[in-house]
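Me: I've got this one open on my screen and want to know what's behind the labels. Can you take me through them?

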Amino acid sequence: MKRIALALLAAAAALYAVATWRTPAHPAWGYVAAFAEAAMVGAIADWFAVVALFRHPLGLPIPHTAIIPENKDRIGENLANFIATHFLATDQVLAKVKDFDAAGRVAQWLARPDNADRVGERLVEVGRWAVGALNDERVRQFVADLARRGLKQVDVTRLSGQVLEAMTHEGRHQELLDGVLVQLARLLGEDVVQDTLTEAIAREVKALRYVGLDQVAARMATRKVVTVVAKTIIDMAEDPQHELRLRFDGAVTDFVERLKTDDALRARVDKAKAEMLDSPALNDYVNQLWTELLAWLQDDMGRSDSSLRRSIALATRTLGERLERDPEVRGWINGELQAAAPRLIDRYREDIRQYIVARVQAWDAQEMTTELERHIGHDLQFIRINGTLVGGLVGLVIHTLTVWLTG
């Protein structure tokens, strides 16, 4: 494009020379000379304007030339302010977030099998890298030491007491006991189960023969015992105020209180915990378990039919399909994004502006000028071409009017 623009300037200069030489021969050449002269002026003026954007024309330090490199930092700051004001304004971003329907787009993307498979592949790749990095003796020792120090700081006794207290709050343990008793009572109430237990106990009580009881008597006695136990369990399940229930409740309460306040019990538990954590056998077992787990993960993720990859892909596709079928959850996700957007915009708008300013300031002026000229220079050369043609036409019009008015 530079060559074309320069060629037009050279053509205008050559035409001007010929027209000036031929003007005495015929008045029409005067019009041609006026066109060529104005075309040269337009071409040179626009060449100066285009070059002045990027550098000093002919290397001369003419004021207000080399505009881009001389004003690089100011251009960057103005650009940053423009983007922050017009592109990152809260209202514009919120309108875009609202129309974007992020939850719907994510749901559609995840529900596609090829995308779900891609998610599985990427996560497995990350997993293989992580497993390879963790399969190191230094890492295993570090994790083991860190876990051991952390567990030593845990007050197992007090923590157990707090957990049990939460579990027994407002009779929650009784609800659990109800479920166990109901199932056990239903099981023991079956004749087949009672017969099985009777036979099993009777076979074990062979010593009864030596006190005058035969096997039949043993079966009758054990059947009676099983029946009584089954009835007791049924009674406990049906009666919330059963004596055994109350005793169980009291025993649990006392045990929880001991876990929280009994220093002797805490000392015994801490001693047992310390012995267990310092045991070489435990350390070897944990290391072996860790090694086997990493080996299994590495082997599974390295296969083309990896079960982890299939599971991740299936879970991803299922999540996408569930989101597609649940407009309420999608609405909730989009609503949360819209609610969070103003805070994020206000929080990061200035950071983005400062980043743009700093990034432009860090650019080398010559490098930035070269890049801009490479991207927009092609179009700028049309300014020179149009300036040549338009300048010539304007010169022709001016010459024509001059001749007409003075003639």
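Me: What makes H5 and H17 a crossing pair, and at what angle do they cross?
Reply: The axes of helix H5 (residues 90–100) and helix H17 (residues 327–362) come within 10 Å and cross at roughly 145°. Axes here are lines fitted to C-alpha atoms over the stretch in contact, with angles from 0 to 180 degrees between N-to-C directions. This is a predicted model, where local features need pLDDT of at least 70 and side-chain atom pairs count only at pLDDT 80 or more, while totals for chains, interfaces and linings use all residues. Residues are numbered from 1 along each chain as its sequence is written, and side-chain values use heavy atoms, leaving out hydrogens and water.

Me: Which residues of H5 make the contact?
Reply: Thr 90, Val 93, Leu 94, Val 97 and Lys 98; contact means heavy atoms within 4.5 Å. On the H17 side, Leu 337, Ala 341 and Ile 345 are among them.

Me: How many aromatic pairs are there?
Reply: One, going by ring centres within 6.5 Å.

Me: Why is the pair of Phe 82 and Phe 87 called edge-to-face?
Reply: Their centres are 5.8 Å apart and their planes sit at 65°.

Terms used: Phe/Tyr/Trp six-rings, centres within 6.5 Å; stacked < 30°, edge-to-face > 60°. Helix = DSSP H or I, 4+ residues; strand = E, 2+ residues; numbered from the N terminus.
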